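Here's a quick tour for anyone new to this one. Have a look at the fold, then read on.

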Amino acid sequence: MSHTETGEQEIIHRQMTIQEILSLFPQKSQRLAQEITNAGLHCVGCHAATWETLEAGMRSHGYDEAAITRLLKKLNAVMKSDFKADKSTVTLTPKAAEKFLEFSQAEGKQGCALFFSDKLEGCSGFTYILDFSDKAGPNDSIFTSHGIEIHVPNDRLDRLVGSVIDFVQTLSSTGFYVENPNTASSCGCGSSHNYSKESRGGGCCGSSSKSSQEQEQSSGGGCCGSSPKPSQDKGHGGGCCSH
């Protein structure tokens with residue numbers, strides 16, 4: 001760890017590479033990647049070399065010392081956020097619960113549950129699916145957070161249980177973000193992730209085949225820049241967005 005001018009410890013410092021940051025802290029990779037993108041390294045995996053240090057990447061894009069300092073402050077704030085997740089369930093933060101109810105009302109889906117899953121997509125393995133659910137399927141587990149039911153396919157539990165779903169709203173980005181203790185790696189742009197061998201479990205993990213339930217779902221995933229879409233067939237529909 002390095003220290004700021006005030007002596008405060010920095011978990012993430014300017015000489016760390018983008019790739020190093022996202023690989024060391026995969027559980028927070030969505031939020032970290034979004035802050036890096038917000039700072040001006042647009043689409044981190046495409047327009048910034050992930051092997052460059054944060055400082056080199058920012059300076060090569062024309063940003064000054066003040067911008068680098070602001071980015072480091074935001075990244076370390078993400079690292080210090082602690083939702084105290086219950087590893088036996090799936091949790092919504094108060095803000096995520098509030099926004100889900102708001103979106104439900106706007107879409108005419110009052111009373112719907114939240115469907116939470118993942119699917120094979122992206123350069124690193126998986127992206128998340130968030131959607132409305134009319135009712136739990138026969139192979140879904142049901143969790144409750146802030147009075148909202150959350151439906152998770154049983155063959156995804158090993159890799160999704162313990163997740164905290166948050167909602168972040170800034171001037172440059174808005175959406176749901178998942179902090180998942182089971183993730184073991186993330187791609188350079190933070191838009192997809194993979195799991196430890198112990199958490200892979202059943203379903204589509206480790207192969208290109210999809211379960212029948214997954215094939216019924218439209219694309220959607222992790223960082224959602226819009227409200228969940230209306231439910232479609234069998235209560236599970238179009239997710240939030242695609243990376």
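Are helix 2 and helix 5 roughly parallel or roughly antiparallel to each other? They are roughly antiparallel, a label for angles over 145 degrees, while under 35 counts as roughly parallel. Bear in mind that this is a predicted model, where local features need pLDDT of at least 70, side-chain atom pairs count only at pLDDT 80 or more, and totals for chains, interfaces and linings use all residues. Residues are numbered from 1 along each chain as its sequence is written, and side-chain values use heavy atoms, leaving out hydrogens and water.

**The helix pair**
- Helix 2 (residues 29-38) packs with helix 5 (residues 65-80) at about 165 degrees, their axes 10 Å apart; helices here are DSSP runs (H or I) of at least four residues, strands (E) of at least two.
- Axes are lines fitted to C-alpha atoms, for helices over the stretch in contact, and angles run from 0 to 180 degrees between N-to-C directions.
- On the helix 2 side, the contact (heavy atoms within 4.5 Å) uses Arg31, Leu32, Glu35 and Ile36.
- Helix 5 brings in Leu71, Lys74, Leu75, Val78 and Met79.

- Three strands make an open, mixed sheet, ordered 3-8-9; strands pair if DSSP finds at least two bridges between them.
- Strand 3 (91-92) and strand 9 (174-179) each have a single partner strand, so one side of each lacks a neighbour in the sheet.
- Strand 3 runs parallel to strand 8 (residues 164-169), joined by two bridges.
- Leu92 sits opposite Ile165 in strand 8.

Methods: Parallel < 35°, antiparallel > 145°, perpendicular 65-115°, else oblique.
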